[in-house]
Amino acid sequence: MVNTASPAWAALIAHHQKLGKKHLRDFFADDSGRVASLSLSFEDILYDFSKQRLTRETLDLLIKLAEASSVAGYIQRMFDGERINVTEDRSVLHVALRRSSAPFPGARMDVMPEVLATRARMAQLAELLRAGHGLGNPGTVIRDVVNIGIGGSDLGPKMVNQALRSLAHPALNVHYVSNLDGAQLAPLLQTLDPRSTLFVLVSKTFTTQETLLNAETARNWLKANLGEDVNLGDHFVAVSSRPERAAAFGVSPDRVFPIWDWVGGRYSLWSAVGLSLMIAIGPHAFDELLHGAERMDEHFRTAPFAQNLPVIMGLIGLWNTNFLGATTHTVLPYNESLKYLPSFLQQLEMESNGKSVSIAGGPVGSETCPIVWGELGNNGQHAFFQLLHQGGRLVPCDFIASVRSDYPLPGHQEALLSNCFAQSSALAFGKTEDEVRESMEKERVAPEQIASLVPHRVFAGNQPSSTLLLKSLSPATLGALVALYEHKVFVQGAIWGINSFDQWGVELGKAVASRILPAFADPSLASAFDPSTQALLAFCREQS
């Protein structure tokens, strides 16, 4: 649990009280060098956090908290392969998935031979399909690849696939299916040719309900269209830690790719879970994605805390949550290709740190992960930004944009970036009553109208935000960006004293759902559930 009685925590409380309700306007007025001192860069990423409600002294105190919380020790333990996922007695080695050299984490425990061998097998299949030599039904080239998974087996690869779609193979269409709702899979199947379709089944245990039901539907669709004797091995590959279950389903053993227990689902896009992604963008771009993440890993492992992007980002989030009282955090990409990033970060952050129980089993003793949400920034301006500007709630924001567009059109990128920069500025500095009055007078608005409209046109500002500005959305830069957020989550979990790598809260709903499902066919089973569930089941029977 976090030690809220520690001198480091107490110093931050006192510092927060000293800052009081100081406005971002005042922070900037008091420090002409604020932007330079509250910005960091890593390769092609600029991280400007000068619009956060803190000072250099705040950062120094936060760094002391990180030191007192043994964050450096936790980092080393992860990279050493210790079983820091204590509730599942597992190492946490997703960083191994993007490494290019062995041994790792050490000679006594070296996972790299398996990692590199699997990566080579992935590349071989991807190159085969991209060259038009991977065959589905005899004599038919694969044209559509359907990734069937859910959670980390869907969100990460789908997010990166969308982000790097400008690099996608022109003759291979990659689709992602996760939902039990037939409204996702059924319309897709109507557009596909079963002879030229390959399904990639991604399930660590090969027991995930959503994945298996969608997979069975896909198998039935193939048999209905190509005959009961269709060779399923031509149309299915799988990623699983249980190859025997994949083989029993009909996947050829040589087309099953491993996933290891030291990889959590939300950290797995770098593994064979990213096979569909590699097929879409190619092994070279996939390798560049890995290299970018690997370089961020080394930065995280070796950089002093004051210059360490993941550490500083994690500490700023902790400051906003535990000392400023923010309960939510929004992610605002000003890049259409990053449309799935907020959804990906929702899982990464809330499934990792959405916990109130410490590693030791007691209460954490403080607030932990805020509610993470977001949308494409330009769209959000015409939806929920009204609340950000005038709703009276504290909502820290991450603005994310790239200088260069991956789909350049004359005049578009400059207009997009001007909106991004304008919104972060307006949220920070607002517009005072005097400024509103002065602008309306310049517009020659009648005095009586000014008096009635001023309250509606005042913006409080003082809304904290950071801006992550990328040179371009290249595979390497995207890999570094995703690893940056992964390590931010790790830093916060280490300070809060929670296990960021389990997800027991996910399991309860699955267990209850498996008990409810038989009650649809057998009404007598409904009596085992609460009155509300019984009523819902009864309504379904009446309407079916």
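Where is the place of proline 103? Looking at this model, which is a predicted one, we find proline 103 in the loop between helix H5, residues 71–79, and helix H6, residues 112–130. A cis peptide bond joins alanine 102 to this proline, with omega at about -5 degrees.

Phenylalanine 206, with a phi of about 55 degrees, lies in the loop between strand E5, residues 197–202, and helix H9, residues 209–226. Arginine 444, whose phi is near 60 degrees, belongs to the loop between helix H18, residues 433–442, and helix H19, residues 447–457. Are these residues buried or exposed? Phenylalanine 206 has a relative accessibility of 5%, so it counts as buried, the cut-off being under 20%, whereas arginine 444 reaches 77% and therefore counts as exposed, for which the value must be over 50%.

Now please find helix H20, which runs over residues 475–496 and has 22 residues. From its first C-alpha to its last it reaches 32 Å, close to the 32 Å expected at 1.5 Å a residue. The helix is mostly covered, with 22 of its 22 residues buried, and just after it glycine 497 takes a positive phi of about 75 degrees.

How do H12 and H20 lie relative to each other, oblique or parallel? The axes of H12, residues 283–302, and H20 come within 7 Å and cross at roughly 40 degrees. Angles under 35 degrees would count as roughly parallel, and the two helices are therefore oblique to each other. H12 passes H20 in a right-handed crossing.

Aspartate 530 caps the N-terminal end of H23, with a side-chain oxygen 3.1 Å from the backbone nitrogen of serine 532.

Finally, the cysteines: how many disulfides does the model contain? The count comes to 0. Cysteine 397, for instance, is in no disulfide, since the nearest cysteine sulfur, that of cysteine 420, is 11 Å away, and a disulfide needs the two sulfur atoms within 2.5 Å. Cysteine 397 is buried, with a relative accessible area of 1%, while cysteine 540, at 36%, counts as partly exposed.

Definitions and conventions. Residues numbered from 1 in each chain as written. Predicted model: local features only at pLDDT ≥ 70, side-chain atom pairs only at ≥ 80, totals over all residues. Heavy atoms only, no water. Helix = DSSP H or I, 4+ residues; strand = E, 2+ residues; numbered from the N terminus. Expected span 1.5 Å × (residues − 1). Buried < 20%, exposed > 50% of the residue type's maximum accessible area, 1.4 Å probe, protein only. Polar contact = N/O pair within 3.5 Å; in protein donor to acceptor, adjacent residues only side chain to side chain. Axes fitted to C-alpha atoms, helices over the stretch in contact; angles between N-to-C directions. Parallel < 35°, antiparallel > 145°, perpendicular 65-115°, else oblique. Left-handed = near helix turned anticlockwise from the far one by under 90°.
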